[in-house]
Amino acid sequence: MNMGNKKLGAASLGAVLALSVLASACGKTEDQPAATSSTAVSPSPSAATSAQPLAKYNPPIEVSTVRSVDATMKYAEGDSIDSNIWTKIFENDYGIKVKNVWSVDASQYHQKLNVSVASGDLPDFLEVNKEEMKRLIDADMLEDLTKVWAQYASPYLKNVLNQDGSVGFKAATVGGKLLGIPRTYSNGGTSTASMLYVRTDWLQKLNLPEPKTMDDVFKTATAFAKQDPDGNGKADTIGLALNKDFMDGGHGSLNGFFNSYHAYVDLFIKDAGGKLVYSSVQKELKEPLKKLQQLYKDGVIDKEFGVKPATKIQEDVAAGRVGLAYGTVADGGFIQKENHTKDPKAQWKAYPLISTDAQPAIPQLNDTASTFYVVKKGSKHPEAVIQLANIYINRYYETSYAPNPNPFITDSKTGIFPGKYAPVIIDPLNTNLEAFRKVQEALKKGDGSKLEFPATIHFDRLSKFKAGDDTMWFSNMVFGADGTFSVIDKYEQAKLGQYNLFLGPATPAMSEKLPTLKKKIYETYTKIIMGDASIDDFDKFADEFKKLGGDSIEKEVNDWYSKNK
């Protein structure tokens, strides 16, 4: 359990990648996207080993793996996870036959994998989380990929996996050995940062300026709650939307609010002495919690926030009850979109986090990888997993690939997306950010003829929106000149972002203590915000946190950090 991961990786990014607004490795569409033995010895390379990245094996080779299959995955007639367009590409074009030893629904994958790990019955390569990878490392069951990575990873693949400053590689390197290949996602890194969503038609109605300071934010939130911005004569609007899981990054979270005060939640960060400390109990959180307490008392925050999940916040936004909330880059394309669809007068804009002082607000970022591709020690072809990654990323991003059918196109009629079938999927962190930049440049020139996917889709949508097609409002909200990716672009250009500095798997004390301690953190924060506890109770809880396991957790985290800086 890596505390910086949150719901990114497959979970929160699942929401991002499923959006029709975002074209990513989850699927392209021509209309609208849908979205062993521990003592084995590594052998010398086989005569069948391909000489270089993307070269075809001759004679062909076979490698085995195990698969987590999405229960909603659809197949073309005659296809399956074992036989499909990707298996044919690998075998026919590159001489690699991929055999699935077993495949199960994603909900059962880790349970079944634990059985395989316990028995030592591993395939040649597999996808694991950090805890599973540590178990395999401790049992000496993983191949050292340091040399084969240097030899077989294509320059493009190497570049992609260094976009985060090698954060993912640090998590996969133990004792100087690369023991896993991080799986990255196309809206990772800086694209996981929070931003402030504001309903601008309400600003205009109440004659309020765009927020430039946190005082502006507070005044705006108060006006939205008190001055009947929807004009229905009822006190039914919410100034600042909060969900009950306000540290998990969903719409209505508080991560961005805290970051404005240079405070962070659920990360390990450095203190003044260079030691890693758990951010959720640091003194920097007292001021924002005190402000939230005042906003709640003043009726700016929904009195029912403590029982509202992020899905209820989405419903409140869609119903026109919310004018201000913290969220992430994709939210506008499906959350604010619903509000605008129901009420075309509703207009929104996203703003970068606003600092409480002269220092820039630095948004916290999710881990760039939460799972890794690892190779069984003694596998005949340890480089095969790297070759499969080369093939996937080369055909998707680096070259123009358009066979019929194309494995990167979602069939708009059937919803079938063959891209999911690939056993190794690695995506550049900034795919959509780069598309945003290219589209903006093309729009300035008035010529999108030289754009490639996914920029072509966004250029087309934004052109339609400019011509008056309001069904493309969602695209303008995200990819427009003032869209949410313009905020991410500002963060990226300024190199703003705080990653979790603990990149390892959950330590023993963390596994045992932190889930319970996190519940206590939520309880303490919620009581403070609702006025059921004094702000001074934060200090009492911070001391209690240390005694209940926080000290043990931080000791283990710092032991890891001292070995993996």
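The legends below describe close-up views of a predicted model.

**View 1. The largest cavity and the residues around it.** The largest cavity of this predicted model holds about 50 Å³ of space. Its lining is made up of Arg 67, Ile 81, Thr 87, Phe 90, Val 98, Asn 100, Tyr 421 and Pro 423. Two elements, helix H2 (85-94) and strand E2 (96-105), each give two or more residues to this lining. Sorted by class, the residues around the largest cavity are 5 nonpolar, 2 polar and 1 charged.

View 2. Helix H7 (residues 167-172) provides the largest share of the lining, with 3 residues. The lining of the second largest cavity comprises 5 nonpolar, 2 polar and 2 charged residues.

View 3. Helix H18 (residues 484-493) is largely enclosed by the rest of the structure, because 8 of its 10 residues are buried. The buried residues of H18 are Thr 484, Phe 485, Ser 486, Val 487, Ile 488, Asp 489, Tyr 491 and Glu 492. Among the elements that cover them are strand E7 (195-199) and strand E11 (348-351), together with helix H15 (431-445) and helix H17 (473-479). After H18 comes Lys 495, which has a positive phi, near 55 degrees.

**View 4. The packing of helix H15 against helix H18.** The axes of H15 and H18 lie 10 Å apart, and the two helices pack at an angle of about 105 degrees. This angle falls in the range of 65 to 115 degrees that counts as roughly perpendicular, so H15 is described as roughly perpendicular to H18. On the H15 side, the contact is formed by Asn 432, Leu 433, Phe 436 and Arg 437, while H18 contributes Phe 485, Ser 486, Ile 488, Asp 489, Glu 492 and Gln 493. Taken by class, the residues in the contact of H15 with H18 are 4 nonpolar, 3 polar and 3 charged.

**View 5. Leu 254 in the loop between helices H9 and H10.** Leu 254 belongs to the loop between helix H9 (214-226) and helix H10 (255-259). With a relative accessible area of 0%, Leu 254 lies under the 20% limit, and therefore counts as buried. When its neighbours within four places in sequence are left aside, Leu 254 is in contact with Leu 242, Phe 246, Leu 292 and Ile 529. The C-alpha atoms of Leu 254 and Lys 244 are 10.0 Å apart, and these two residues are separated by 10 residues in sequence.

**View 6. Asp 316 in helix H12.** Asp 316 sits in helix H12 (residues 310-318) and is buried, at 4% relative accessibility. Apart from neighbours within four places in sequence, the residues in contact with Asp 316 are Ile 238, Asp 302, Lys 308, Arg 321 and Val 322. Of this set, Ile 238 is 78 residues from Asp 316 in sequence, yet the C-alpha atoms of these two residues are 8.6 Å apart in space.

View 7. Most peptide bonds are trans, and most residues other than glycine have a negative phi. The peptide bond between Asn 58 and Pro 59, however, is cis, with omega about 5 degrees, and Pro 59 lies in the loop between helix H1 (10-18) and strand E1 (61-69). Asn 207, which is not a glycine, has a positive phi of about 55 degrees. This asparagine, Asn 207, is part of the loop between helix H8 (200-205) and H9, and is exposed, with a relative accessible area of 71%. Asp 228, likewise not a glycine, has a positive phi of about 50 degrees. The loop between H9 and H10 contains Asp 228, and a relative accessible area of 24% makes Asp 228 partly exposed.

Terms used. Residues are numbered from 1 along each chain as its sequence is written. This is a predicted model: local features need pLDDT of at least 70, side-chain atom pairs count only at pLDDT 80 or more; totals for chains, interfaces and linings use all residues. Side-chain values use heavy atoms; hydrogens and water are left out. On a 1 Å grid over the protein atoms alone, a cavity is a set of points where a 1.4 Å probe fits but cannot get out, and a pocket is an open set with protein on both sides within 12 Å along at least five of seven lines; lining residues have an atom within 4 Å of a point. Grid points are joined across faces, edges and corners, and a volume is the space filled by probe spheres set on the points. Helices (H or I, at least four residues) and strands (E, at least two) are DSSP runs, numbered from the N terminus. Ala, Val, Leu, Ile, Met, Phe, Trp, Tyr, Cys and Pro count as nonpolar, Asp, Glu, Lys and Arg as charged, and the others, Gly among them, as polar. Buried means under 20% relative accessible area, exposed over 50%, partly exposed in between (1.4 Å probe, protein chains only). Contact means heavy atoms within 4.5 Å. Axes are lines fitted to C-alpha atoms, for helices over the stretch in contact, and angles run from 0 to 180 degrees between N-to-C directions. Angles under 35 degrees count as roughly parallel, over 145 as roughly antiparallel, 65 to 115 as roughly perpendicular and the rest as oblique.
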